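Okay, thanks for making time, everyone. Let me put the model up and walk through a few spots in it.

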Amino acid sequence: MAQVPQTFFDALAVRTWCGLALAALGRSREEIDAINVYPVADGDTGTNLYLTVESAAAAVEAVFAAHEVAGGRDDAAGKPSVAEAARAMAHGALIGARGNSGTILAQLLRGMAQVLAADDETPHTDGQGLRLALRHAAESARQAVAHPVEGTVLTVASAAADAAETVAAAVADCGAVARAAYRGARTALAATPGQLAVLARAGVVDAGGRGLVAVLGALVETFTGETPGEVSRGAGVAVETPHEAGDCAEAGGPAFEVIYLLEADDAAVARLRERLDALGDSLVVVGGDGLWNVHVHVDDAGAAVEAGVEAGRPYRIRITHFGAGDVHTARGDRPPQERAQRAVVAVVPGEGLAGLYADAGATTVLARPGEPPASGELVQAVRRAHAREVVLLPNDAELRHTAAAAAEQAREEGVRVALIPTRSAVQGIAALAVHEPGRRFDEDVVAMTSAAGATRYAEVALAERQSWTTAGICQAGDVLGLVDGDVAVIGADVTATAETVLDRMLAAGGELVTIVLGDGVPESVAERLESRVRDAYLAVDTVVYRGGRQGSLVLIGVE
C-alpha cells in the first residue's frame, strides 16, 4: 500500500484509498452486519460492502501489476494514470458488487471515477475535483435506485457531497474536502433513525450509510494521514442487541434476492428497469457502457432472470432465498441452528464439479474462468458451512494465499480451519473421497492431505496467444497438455494431446484415473481415453465426470 498522506487524487491515492477502505470495512464488518435491518434484515450488509471493495481493490492492484511488468525499471512507465486506476476501481466494484448496499456503493465509486477519469483539459485531481466527484457520485447513485428512500446510504452520500461544497475554495485541498465530506456523512448517519421508522424501532443507524462513513473515513486517512474516530451504531437512540434489532424487520417482503451482471445497451436496460420494477422492490441497476449490475428483490426469481435474458446477456447470476422465518419473520421465533462438527469447503471450477462436490457433502465456491474468488467469498462459504471444524480445499495453486487469508479470518471467528494445498479439482476429489467426519480432526486432515498429494494432476487447454513454454513455443489455438502445472505437450488435437498426457502420467504407475470433461467437449474424448487405459494399463480403473464451464477442456487425475 502507498504511504499516506497523498496530496492529489492520482493513481497512488486511488490505490491507497481502496486498501484503507477495505481495512476499515474489515474492522467494522461484523458491527455493520449486526445493525442491518433495512431493506431486509439479512445481516450481511457489512460483508457485502467488504466484498465489493475487495473486488475494487483487487482490480486496482491488477492494473499496477500490469504496469510494473510492462514498465520494468522505468518508474514512469511502471505507474498507471489516475484515469486507469479510477476506471479499474469502478469496474472491479461493478463486477464484484454484492447486495443492495454493495451495488449502490459500486455506483458511487463509478460516479467518482467518471469525474477523475474525465478527458477534460483541466484535471480533476485536486480538492475542487474531489468535490465534483462526490457530487456526481451521489447523483448517479440516486438515479440508479428505482425508488430512492431517505434515511439510507443515499442520504448519507448526498450529505457528504453537500458538506464538501461548503469548504472555502482557498483552502479546498483534497484533505479539507475529505474531512468535510466525512463530517457531513457522520451527521447524516446519526439522523437516519429519524427518517426510517424501522431504524428507530431497532435503535440503530442505517447499515449501508455506516459502511459509506467507513469508506469516507479511509478517504480522510488517504489525504491527511489521520484516522477518524469510531462511529456509534446507535446514533444517540436506545441501542438494542443485534438479535432484537433483527426482530424489527419489515414483514411480507419478496422471497428472493436476484443479482446478475448484464451485457446490454442503454435502451434495453431502460425497458428492463420498468419490467423489474413491476416484479419486485429494492431495484438497483448500476453501470453503463454496455455492462451493468442488476439487483432486485422478487417473489418470482425466474421472471427476473428471464427479463435479463430478453434485455441482453446475463451472467454470474446469484439467487438468494431469504427463507421463511429467516428474514421477514421475527428471529426470536426459531431456535438458533446447531453448528455441525465438521465441514469441507472447496473451490470448484465448473457447475458440474460443484454438483459432484455438493453431493459429497462439501460447501462449494464456484470459480469461473478468469474470475477467481476473493478471500471474502471463501470466508462467507466457511460461515455458510456453519461448522466448528472446516477443511478448506482451494483446488488451485494460484489461490494459496487467498485461501490462507480466508482461513486466518475464519480462525479469528472461532472456527478451527485446516487448509489442504490442493492445486487441482481432481486432487480435491481424491481428498474428499477419504474424508470421514467421524474420526479425529487431525487424522482426517492427514488422510485427506495424503490422498491429495498422491494424486498427479493434468489439464488440456487451448493456448490463448503465442507464448514460450517448457515444451517449446506455442501459437494461439494450439492444444496444450499441462502436467502438474507445467506445459508438457503442444498438439493440434484435443484427444491425441490428452492421450499423450495420460500416457506420460501412467508411465510412473497409477491405480485410478479421473477424467473431467469441460463444457462442449464430446463424450468421444473420454471414451478414447478409457479405451486407452483398458488396453494398455492393467488393473487401472477410470471414472468420468462432466465439469461444465471449467476453463480447461479436460482435467485428468491419476492416483
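R316 sits in strand 4, residues 313-321. Strands here are DSSP E runs of at least two residues, helices are H or I runs of at least four, and both are numbered from the N terminus. R316 isn't a glycine, yet it has a positive phi of about 50 degrees. Its relative accessibility is 15%, so R316 counts as buried. By buried I mean under 20% relative accessible area, with exposed being over 50% and partly exposed in between, using a 1.4 Å probe and protein chains only.

Before I go on, the housekeeping. This is a predicted model, where local features need pLDDT of at least 70 and side-chain atom pairs count only at pLDDT 80 or more, while totals for chains, interfaces and linings use all residues. Residues are numbered from 1 along each chain as its sequence is written, and side-chain values use heavy atoms, leaving out hydrogens and water.

Back to the backbone. Most residues other than glycine have a negative phi, and most peptide bonds are trans. A539 is another positive one, with phi near 60 degrees. A539 is in the loop between helix 19 (523-536) and strand 15 (541-548), and it's exposed, at 73% relative accessible area. Helix 14 itself, residues 375-385, is mostly covered, with nine of its 11 residues buried. And for the peptide bonds, Y38 and P39 are joined by a cis one, omega about 0 degrees; P39 is in the loop between helix 1 and helix 2.

Now the overall picture. The chain has 19 helices and 16 strands, and 55% of its 559 residues are buried. Look at contacts, meaning heavy atoms within 4.5 Å: of those with a separation of 6 or more, 72% are between residues 24 or more positions apart.

So how do helix 1 and helix 9 pack? Helix 1 (residues 11-34) and helix 9 (residues 207-224) meet at about 140 degrees, with axes 8 Å apart. The axes are lines fitted to C-alpha atoms over the stretch in contact, and angles run from 0 to 180 degrees between N-to-C directions. On the helix 1 side the contact includes W17, L20 and L25, and on the helix 9 side V215, L219 and F223 are among them. The contact residues split into 13 nonpolar, four polar and three charged. Nonpolar here is Ala, Val, Leu, Ile, Met, Phe, Trp, Tyr, Cys and Pro; charged is Asp, Glu, Lys and Arg; the others, Gly among them, are polar.

Which helices cover helix 6? The cover on its buried residues includes helix 4 (99-116), helix 5 (127-144), helix 7 (174-191) and helix 9. Helix 6 is residues 153-164, and 11 of its 12 residues are buried, so it's largely enclosed by the rest of the structure.

Last stop, C474, in strand 11, residues 472-474. It counts as buried, at 2% relative accessibility. Leaving aside neighbours within four places in sequence, C474 is in contact with A463, R465, Q466, S467, T469, L480 and I490. G491 is 17 residues from C474 along the chain, and their C-alpha atoms are separated by 8.9 Å.

That's my tour, over to you.

Notes
Expected span 1.5 Å × (residues − 1).
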